[in-house]
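Please look through the sequence and the three-dimensional model shown below.

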Amino acid sequence: MSVLVSLIVMLGMLVIVPAGLRLIDAAGLAAIRRTWPLFAVPGAVALWLPRSATATGLAAVYALGTLVLAAQAPRRLARTRSLAPAEIAVLTALVTPSVAGVALVAERSGQELFGFSLPILALTVPHFHFAGFAAALVAGLVCRTSAGPTGRFAALSVPLGTLLVLAGYFLDDWAELLGALVLTAGMWAVALLTWRDIRTGDRGGFTRDPLPRDRFTRGLLAVSAAVLVVTMLLALSWALGEATGLPHPTLTWMAATHGLGNALGFALCSVLARQRLKETAP
């Protein structure tokens with residue numbers, strides 16, 4: 001499982017976060033986008049080293065980058081003075097990688113953090129790259145295309161669900177199950193809105209002009225929406241099993257299905273599709 005998780009985390013560090021940052025229109029992010037590899041590459045190297053001072057130091061470099069990114073959230077809020085649902089989702093996307101960065105430092109140092117075991121810390125790192133950063137960002141983007149309640153629900157419930165899952169780490173499995181329920185509802189709302197955009201030809205938050213007749217872009221969006229139906233059902237089954245003691249997938253199985261599906265099928269397909277839409281927008 002450790003090899004698979006490391007590969008998924010590398011995808012988040014080196015591809016998903018920098019690609020996602022290009023989807024956020026903010027002058028203050030330009031410097032971070034340019035320098036992100038200086039933080040992400042050491043973090044990726046740290047994943048493959050034995051737990052040691054060297055691995056911890058490299059992980060700390062990445063954590064520093066995520067904290068610099070998180071510092072953009074209050075600056076953005078002060079500039080926009082907006083707590084619209086789409087803005088809340090973007091602010092969440094800016095902050096959540098820092099949770100992954102801190103967890104990575106603790107895990108690479110071999111030190112349990114707040115009582116969490118090293119395997120849980122290792123899984124926290126991909127969770128807050130994908131359920132945190134990618135999911136919140138995409139929820140914010142799809143919210144821009146909808147003035148209705150579904151878009152607002154998606155943009156609010158994904159950050160709320162992510163926060164509740166994090167709180168569940170400190171409280172109990174029932175609190176984590178509540179977070180999984182809220183997050184799943186938000187992600188399914190994202191999937192529903194994405195299917196609507198494909199059907200109606202909307203550009204997913206960048207312009208009201210119709211989608212180009214680009215089957216590849218539409219295919220990426222379709223895959224990203226379809227994958228969420230299955231991966232979030234898996235998340236619910238795991239959280240329910242943890243809370244009730246009912247049979248549920250193991251962490252290894254979850255990494256190979258839920259984790260890999262969300263990383264490749266949802267996050268990668270979503271950011272690639274929306275990058276293509278942004279580049280072709282008039």
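H3 passes H5 in a left-handed crossing. A crossing is called left-handed if the near helix is turned anticlockwise from the far one by less than a right angle, and right-handed if clockwise. Helices here are DSSP runs of H or I with at least four residues, and strands are runs of E with at least two, numbered from the N terminus. The model is a predicted one, in which local features need pLDDT of at least 70 and side-chain atom pairs count only at pLDDT 80 or more, while totals for chains, interfaces and linings use all residues. Residues are numbered from 1 along each chain as its sequence is written, and side-chain values use heavy atoms, with hydrogens and water left out.

Two packed helices are described by the angle between their axes and the distance between the axes. In this model the axes are lines fitted to C-alpha atoms, for helices over the stretch in contact, and angles run from 0 to 180 degrees between N-to-C directions. For helix H3 (residues 53-70) and H5, the axes come within 8 Å and cross at roughly 165 degrees. That angle makes H3 roughly antiparallel to H5. The classes are set by cut-offs: under 35 degrees is roughly parallel, over 145 roughly antiparallel, 65 to 115 roughly perpendicular, and the rest oblique.

With H8, H6 packs at an angle of about 45 degrees, the axes being 10 Å apart. That angle makes H6 oblique to H8, and the crossing of H6 and H8 is left-handed.

The next topic is empty space. Rolling a probe the size of a water molecule over the atoms shows where empty space is left. The search uses a 1 Å grid over the protein atoms alone: a cavity is a set of points where a 1.4 Å probe fits but cannot get out, whereas a pocket is an open set with protein on both sides within 12 Å along at least five of seven lines, and lining residues have an atom within 4 Å of a point. Grid points are joined across faces, edges and corners, and a volume is the space filled by probe spheres set on the points.

The largest pocket has a volume of about 750 Å³. Its lining is made of 33 residues, and those nearest the centre are Leu123, His127, Tyr169, Trp238 and His258. Two or more lining residues come from each of helix H1 (2-21), helix H6 (118-143), helix H7 (149-170), helix H8 (173-200), helix H9 (215-244) and helix H10 (251-280). Which helix gives the largest share of this lining? H6 does, with eight residues. By class, the lining of the largest pocket has 23 nonpolar, six polar and four charged residues. In this division Ala, Val, Leu, Ile, Met, Phe, Trp, Tyr, Cys and Pro count as nonpolar, Asp, Glu, Lys and Arg as charged, and the others, Gly among them, as polar.

The second largest pocket holds about 270 Å³ of space. Of the 15 residues lining this pocket, Ser2, Ser6, Glu107, Arg108 and Ala122 are the closest to its centre. H1, H5 and H6 each give two or more residues to the lining, and H1 gives the most, with five. The lining of the second largest pocket divides into ten nonpolar, two polar and three charged residues.

Some single residues complete the account. Arg81 lies in the loop between helix H4 (72-80) and helix H5 (85-109). Its phi is near 50 degrees, a positive value in a residue other than glycine. Is Arg81 buried or exposed? At 78% relative accessibility, Arg81 counts as exposed, where buried means under 20% relative accessible area, exposed over 50%, and partly exposed in between, with a 1.4 Å probe and protein chains only.

Ala267 is found in helix H10 and counts as buried, at 0% relative accessibility. Cys269 also has its place in helix H10 and is buried, with a relative accessible area of 11%. Ala185, in helix H8, counts as partly exposed at 27% relative accessibility. Between Ala185 and Met232, which are 47 residues apart in sequence, the C-alpha to C-alpha distance is 8.8 Å.
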